[in-house]
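Please have the sequence and the model open while I talk.

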Amino acid sequence: MSLKGKAYIAGAYEHPIRRADDKSVAQLHAEVARGALADAGLTMRDVDGYFCAGDAPGLGALSMVDYMGMTLRHVDTTETGGSSYVVHVAHAAAAIAAGRCNVALITLAGRPKAEGMATGTAPRNYGPSPDVPFELPYAPTTVNMYAMAAMRHMHEYGTTSEQLAWIRVAASHHAQHNPHAMVRDVVTVQDVVGSPMIADPLHRLDCCVISDGGGALVVVRPEIARQLKRPLVKVIGTGEFMRAQIGGKVDLLTTGAAWTGPAAFAEAGVKPADIQYASIYDSFTITVLLTLEDLGFCKKGEGGRFVSDGNLISGSGKLPFNTDGGGLCNNHPGNRGGMTKVIEAVRQLRAEAHPKVQIPNCRLALAHGTGGSLGTRHGSGTLIMERE
Amino acid sequence: MSITIGRREMPAPAVTPETRPFWEAAAEGRLLVKRCDDCGEHHYYPRAACPFCGSERTQWRQASGQGTIYSFSVMRRAEVPYVVAYVTLEEGPTMMTNIVDTEADGIRIGQRVVVHFQPSDGGPPLPVFAPA
């Protein structure tokens with residue numbers, strides 16, 4: 001069943017907080033829920049479907065439903081890391097199309113900053129997972145796993161650190177206009193390649209920020225969207241994919257976007273060249289480069305040239321991306337950036353982005369999430385939205 | 001400035017019934033991979049059933065211990081810098097490991113490496129690789 005036109009994003013809210021020492025994770029979830037519902041012109045009583053992922057505390061959806069006092073007839077706790085919320089929008093559209101709910105609430109919140117988490121540089125322990133004994137002793141971390149993808153791309157295609165740096169440069173040009181962004185300094189390619197090396201070939205400025213906060217979305221059926229007062233943002237294309245190591249046939253250069261992109265574009269009936277704005281998950285600069293290639297914005301191996309010379313900067317580049325500053329500069333709430341990717345795309349389609357970065361007459365936007373570890377174990381979600 | 005990559009303390013891997021032969025062989029300095037009798041594919045990390053065809057007819061095979069570096073990263077932001085890598089074994093599978101006993105700046109993708117076994121903290125030794 002095609003999900004094209006089956007649901008609309010009626011509410012979107014990004015928490016302005018970046019360090020939440022005095023708030024609990026549950027409290028942050030409830031704050032973003034109220035924010036998105038108020039944005040849509042709805043209340044918690046209207047919600048009959050709820051979507052959350054691994055960041056929800058305690059028993060996840062059960063704890064949050066109890067805490068927020070919800071009465072539900074549909075729930076979905078799909079966990080694909082930071083891409084979960086992009087996938088949730090597609091699942092919400094499917095649930096609405098199947099008649100299982102009318103108003104779907106999606107929430108994300110986290111406080112890794114307040115908790116002093118070494119997000120990128122501490123070895124990742126997934127607990128009693130079958131891969132852990134064969135990996136954890138070697139100290140894989142978020143940053144050195146992504147770095148291996150970058151190293152391989154440089155080896156195969158001659159991609160340079162300077163080309164990767166352009167991704168950060170573009171994000172910084174956008175972040176300067178976002179009063180909530182954690183880092184608002186405009187940087188140059190030289191600033192990025194001159195910043196300390198964390199894990200070869202990724203420098204400090206190739207890495208996203210660590211932040212607290214969260215966000216929420218409200219997805220509704222078309223009849224409800226038309227009764228509300230907000231601009232109509234229609235879901236027209238969706239794709240999801242899980243990528244793994246395939247029993248040792250490791251390929252760090254092909255992401256799940258190679259499947260989610262074609263699926264979403266086919267459902268939407270549009271081409272990459274039609275997209276006016278793209279939110280691309282940017283845990284690291286290399287994440288953006290590989291994703292743009294796999295979504296079809298350029299050929300495999302040409303990502304370095306595609307992102308160079310300001311091509312991602314709103315107003316001058318051909319493909320404006322992450323106009324809120326993205327994870328590289330704005331925020332990465334709970335170490336999960338998929339939610340804010342959708343939120344900024346909604347802002348662009350509503351013409352509610354900052355005037356300095358707003359794309360004129362933005363009708364078609366894409367949001368992509370990458371959760372987990374690039375190339376080895378990640379969940380990908382692509383969403384294409386249209387302003388009606 | 002190049003860094004000499006030595007060996008760091010490694011935590012003990014959790015040994016399960018499914019993977020015990022792998023770790024017992026490691027204690028004897030032998031690297032094992034699994035091969036499927038039905039589809040003929042080697043896989044890594046080892047599982048009871050083949051991840052390619054689902055067959056439970058999998059056998060432990062001793063690998064040559066020779067491989068090439070598929071990718072790597074020098075983790076400079078660590079108390080003792082180390083090199084995480086994927087090494088493609090002669091038998092086919094690519095495995096996560098560490099590169100040891102070399103200069104960081106000399107490591108290259110495609111470089112030939114050979115397995116060594118390094119003690120872990122209270123558990124079986126772990127396969128690591130050094131330039132051949």
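This is a predicted model: local features need pLDDT of at least 70, side-chain atom pairs count only at pLDDT 80 or more; totals for chains, interfaces and linings use all residues.

In chain B, strand S2, residues 32-36, pairs with S3(B) in the antiparallel sense over two bridges, where strands are DSSP runs of E of at least two residues, helices are runs of H or I of at least four, both numbered from the N terminus, and two strands count as paired if DSSP finds at least two bridges between them. B:Arg35 stands opposite B:His42 in S3(B). The open sheet here has three strands in the order S3-S2-S4 of chain B, with antiparallel pairing. Strands S3 (42-43) and S4 (58-62) of chain B are at the edges and have a single partner strand each, so one side of each is left without a neighbour in the sheet.

Residues are numbered from 1 along each chain as its sequence is written, and chains are lettered from A and ligands numbered from 1 in the order in which they are written.

Turning to the two chains together, 31 residues of chain B are in contact with 26 residues of chain A, contact meaning that the C-beta atoms, placed from the backbone, lie within 7 Å. Strands S5 (66-75), S6 (82-89) and S7 (94-99) of chain B each supply at least two residues of the side that touches chain A, and S5(B) gives the most, with six residues.

Chain A itself holds twelve helices and eleven strands. Buried residues, those with 20 or more other C-beta atoms within 10 Å of their own, the C-beta atoms being placed from the backbone, make up 61% of its 388 residues.

Which residues of H8(A) are buried? They are A:Ala257, A:Thr260, A:Gly261, A:Ala264, A:Phe265 and A:Ala268. What covers these buried residues includes strand S8 (233-243), helix H9 (285-295), strand S10 (364-373) and strand S11 (377-387) of chain A. After H8(A) comes A:Gly269, whose phi is positive, near 75 degrees.

Terms used. A residue is buried if 20 or more other C-beta atoms lie within 10 Å of its own, exposed if 12 or fewer, and partly exposed in between; C-beta atoms are placed from the backbone.
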